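Thank you all for making time this morning.

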Amino acid sequence: MEHIVIIGNGISGVTAARHIRKNSDKEITIVSAETDYFFSRTALMYVYMGHMKFEHTQPYESWFWKKNRINLKKGTVSKVHSNANKIEFSNGEELSFDKLIIATGSKPNKFGWPGQDLNGVMGMYHKQDLENLEKYAPNNQVCKRAVIVGGGLIGIELAEMLHSRNIPVTFLVRENSFWGNVLPKEESAIINKEILDAHIDLRLGVNLKEIKADKNGNVSSIIIAETNEEIACNVVGLTAGVTPNIDFLKNTDLEIGRGVKVNRFLETNIKNIYAIGDCAEQHEAIGQRRPIEAVWYTGRMMGETVAQTICGNKIEYKPGHWFNSAKFIDIEYQTYGWVWAEPKENEARFYWEHQSGKKCIHINYDKNTSEFIGINTFGIRMRHEFFDKALTEKKSVQYILEHLADANFDPEFYKLHEPEIVAKFNIENNTNIQLKKKSWARIFSA
Amino acid sequence: MKAIKQSGLILFLIGLTIFTGTIFTGSFSLNSNEFDSFIKEKNYKNELIKDELQKAVVTSENINIFEFSSRVRNAYKVSNEHYEALITKYDSEKNWTKKGEQYQYKIYGKPHSLSFELAKKAGAGFAAKNPILMWLLTFGLGIIGALLFIIPDVILLGKPGIKNNGIFLNAATNRGWIGWFAFVFLVSFYILLYFYPDYIVNWVYLVDPISESISGNLASQWFLYGFLYCVVMTVMAVRMYIKYRHNKYQILRTTSVLFFQIVFAFLIPEILVRFEKPWYDFKNAFPLDYDFFFKWNLDELLSSGGFGLFILVWGVVLTIVVVPVMVYFFGKRWYCSWVCGCGGLAETLGDPYRQLSSKTLLSWRAERIIIHSVLVFVLVMTGFALYTFFSGADQVIGIKTQTIQDIYGFLIGSIFAGVIGTGFYPIFGNRVWCRFGCPLAAYLGFVQRFKSRFRITTNGGQCISCGNCSTYCEQGIDVRAYAQKGENIVRSSCVGCGVCSAVCPRGVLKLENGPEKGRINPTEILLGNDIDLMELVNNK
Ligand SMILES: Cc1cc2nc3c(=O)[nH]c(=O)nc-3n(C[C@H](O)[C@H](O)[C@H](O)COP(=O)(O)OP(=O)(O)OC[C@H]3O[C@@H](n4cnc5c(N)ncnc54)[C@H](O)[C@@H]3O)c2cc1C
Ligand code: SF4
Ligand code: SF4
């Protein structure tokens, strides 16, 4: 029986394993150095915040693996011997495979800052980082202040985590506005305010210069590059993005760039070796996407796709319309299609913000054809299916506004802002769009 | 703010301590006039019990409730044993007439209930003499303390939004020592209430004035329970309002259960009694209301004229028509999370414990076996009860209807619904009864699963498998297992509390009522991936 070995028990590796099992009888082994069982990395923050215990982050009970005949092996893979179809573990053990899937995810970026390896400096990616945080920042007695370096999604989560234990946080963000390279300035401004409202000391447009230690090798302070200001702290969180976790593949025959290079079939340059998830790098970006997409959803989609190929239904990785979501402290964010930080030449924007300053929608559409390109929403949940279909069918911005009631996904009885939104669009664009009543027939006519 | 919260806690604990301490206070005895009128009221035909009881309770000694209870129970025991001995004797002498005569002298009833009745008349002590003052020192302090503890959360919790910080780090909500303490307290409370009502007679005095003002009668332990239930729900509803103030579904739902508890379960039945009508809770549907078809209830309803008849018809229509039709349109949530009293307590007092329900496949299996067994049990029992009612025979195939009813009342009505159902909140989560025991929930579940417009829609591919939804599902449903597959949640046990949707950080879940078509939508490849692949795999 063909033996499929998967390195990495994250969402991409596990999705691949599940789908291979569904479609075949092959022998499957998942290898991981991190944990015995798959857990949801995105939920790490909730464990520290006390919303959940670590076991709650594990989507499958432990019997699941045995029942589905998926072998789990704990260990660090140190080498891949592609010509011998074998992987080697750090303890010298070997495991042979017929097909290998590399799904090793990412690791936090470190940019060579002085002091970046001191005690109390950590990323927030692996379970071990969580344990470290629990050790160095259990409460505000032990950790009098934490400094977070890097203003992305993980950075703001880490800020929220520390804040939940009343630990003062200074948050260094290189951009002039939080996530300003991804979000339009309006949305970004809302988040800046949300961060400040939580009494997090947000510093925009600054970089880390160095991390200083006390005599025991523990973090004692950091210095800001621009101002040379020294900030005393006990913990430094490095959240300036992630890079594929593929150091162990250097000096092999595998072609690597920043990640493991793959073609549209998620195949590497070596036959029978595939790469998926955060660690895979497309030779050429797909559509408007980046060559490396370090998000949960794409990891899952690659897992679904590569399983088909491995089970004999060779199929290209062809992700559908972009979507994503996040939560910035109390503000939920969803996005469907593309809304760039800056409009492109052919694009026009419609923006509505609720008087509370905590909800907004931002629609991106084509100036000339009115075709809908994408939407960002803060504080209003939207139906994925609605926008996916609208994008496929190339609907116009007018259509979107007319059917906002179909698109809304907020819990029942929530106050609906659609009339206000449509009215604003009508005034700004001199149109006379009438909001249609929610229709199940339309929602379901998939 | 913290200081207010802490003083609230202290006041609450003082109130609770006084309340608990009250049990041990007071002295119990009757003078001969009071005693005679009790005997007259009871119409006992036997002299022995009169003597025995008189010896026991007509006394100038200062005896507490425990001593009093043991003397009274002993008096009944002596009397009953005496007549039982006679019965055995005449039986061996084959003196059937004499034997038959003795039965009228036996006194039936649970010893502690008999003792409660007498104790209620016999109490002299601070609680019995100053019910209003003592009410203020117990209920009053408890309520004020609890509110002072809860209300500062408006500020302390931070801005409106899901605030579950520290729940698993807290000894009260993570099965720590406070949780176990609450467990012991609640379980003891239910054991006293159901099986040793005489021991808590001092508590009942505290609510006498309130009972008199509503129904015109002195309070029973059930009035005390009803009143306490409303108080606890109201105070904890304030907590819900604060915690979920950003979520209108939760606010409306909480208001609804509170309304139905206070008006339908508490006020209307008491007021009915004032007008000499049968005590009836119009929203309590059979088979949760398991004694509805018992002979004594049917007899009482039939002897209460047109109004009794109306109740009878309503009770039947409620179960056969109203309940399933509403479940078809709205899911079982309309009852379990918007109307029901058990659900109401679970959603208010129990909300802090919802995360403790077990999500394992094993507990789902156990749940299905247990809850359906209870449903079968109640239906069989009702069959017996109806047979007895119509035929007059007190047993069917050699089994006494009364015995079955007693077993159900004890095992299910008291132990399961009360002691375990509520007492175990701090350990097994807040819906133990609703999930594992309630026969009405089992019935509603069938309708919800197979013929309903209700579902929890999963929002395409947006789930990140974080597990908040499953963790906070009080019914132990592994919501994530569906959401991460892009599949709608259609489960018979879902009570539609809406908390999974509230806690989801990615806006994945929406409770809604829509067309039946497409309600159950198993998918393999999630929305967001290649359209052709989805087509290929999902439609095969
Ligand atoms: C805190 C946090 C929050 C996030 N939130 C979101 C979010 O809200 N939405 C979103 O879309 N994405 C989010 N992400 C990103 C998302 O979690 C990742 O994109 C996703 O987990 C990547 O999955 P993966 O399967 O590719 O790799 P991983 O989940 O990283 O799994 C790789 C596994 O392989 C193991 N491994 C690596 N090398 C070896 C080796 N040599 N030998 C053995 N084992 C090895 C690793 O230890 C790891 O267990 C978040 C990430 C973090 C850290
Ligand atoms: S599935 Fe959701 S709505 Fe249903 S009972 Fe569980 S938490 Fe409540
Ligand atoms: S809470 Fe939401 S995102 Fe998290 S597992 Fe549940 S449905 Fe998925």
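Before I name any contact, let me say that a polar contact here is a pair of N or O atoms within 3.5 Å, where within protein one atom must be able to donate a hydrogen and the other to accept it, and residues adjacent in sequence count only if both atoms are side-chain atoms. What you are looking at is a predicted model, in which local features need pLDDT of at least 70 and side-chain atom pairs count only at pLDDT 80 or more, while totals for chains, interfaces and linings use all residues. Residues are numbered from 1 along each chain as its sequence is written, chains are lettered from A and ligands numbered from 1 in the order in which they are written, and side-chain values use heavy atoms, with hydrogens and water left out.

Let us begin with ligand 1. A polar side-chain atom of Asp278(A) lies 2.7 Å from an oxygen atom of this ligand, a polar side-chain atom of Ser12(A) is found 2.6 Å from a ligand oxygen, and a backbone N or O atom of Ile11(A) is 3.2 Å from an oxygen of ligand 1. On its own, ligand 1 has 990 Å² of accessible area, of which the protein covers 95%; such areas come from the Shrake-Rupley method with a 1.4 Å probe, and for residues only the protein chains shown count as cover.

Which elements give two or more residues to the shell around ligand 1? They are helix 1 (11–23), helix 5 (153–164) and helix 7 (296–310) of chain A, where helices are DSSP runs of H or I with at least four residues, strands are runs of E with at least two, and both are numbered from the N terminus. There are 33 residues around the ligand, and among those that come nearest are Glu34(A), Tyr125(A) and Arg506(B), a residue being near when one of its heavy atoms lies within 4 Å. Because residues from chains A and B surround ligand 1, the site is shared between chains.

Now move to ligand 3, which has 13 residues around it, with Cys463(B), Cys466(B), Gly467(B), Cys469(B) and Cys504(B) coming nearest. Helix 24 (468–471) and helix 25 (479–483) of chain B each supply at least two residues of that shell.

A residue I would like you to find next is Asn459(B), in the loop between strand 5 (454–458) and helix 24 of chain B. Is Asn459(B) buried or exposed? Asn459(B) is buried, with a relative accessible area of 2%, where buried means under 20%, exposed over 50% and partly exposed in between, using a 1.4 Å probe and protein chains only. A polar atom of its side chain lies 2.7 Å from the backbone nitrogen of His384(A), and the Asn459(B) side chain also reaches the backbone oxygen of Gly507(B) at 3.3 Å.

Chain A has twelve helices and 25 strands, and 59% of its 446 residues count as buried. Its C-alpha atoms fill a box of roughly 70 × 60 × 40 Å along the principal axes. Chain B has 27 helices and six strands, with 55% of its 540 residues counted as buried, and its C-alpha trace spans about 90 × 60 × 40 Å along the principal axes.
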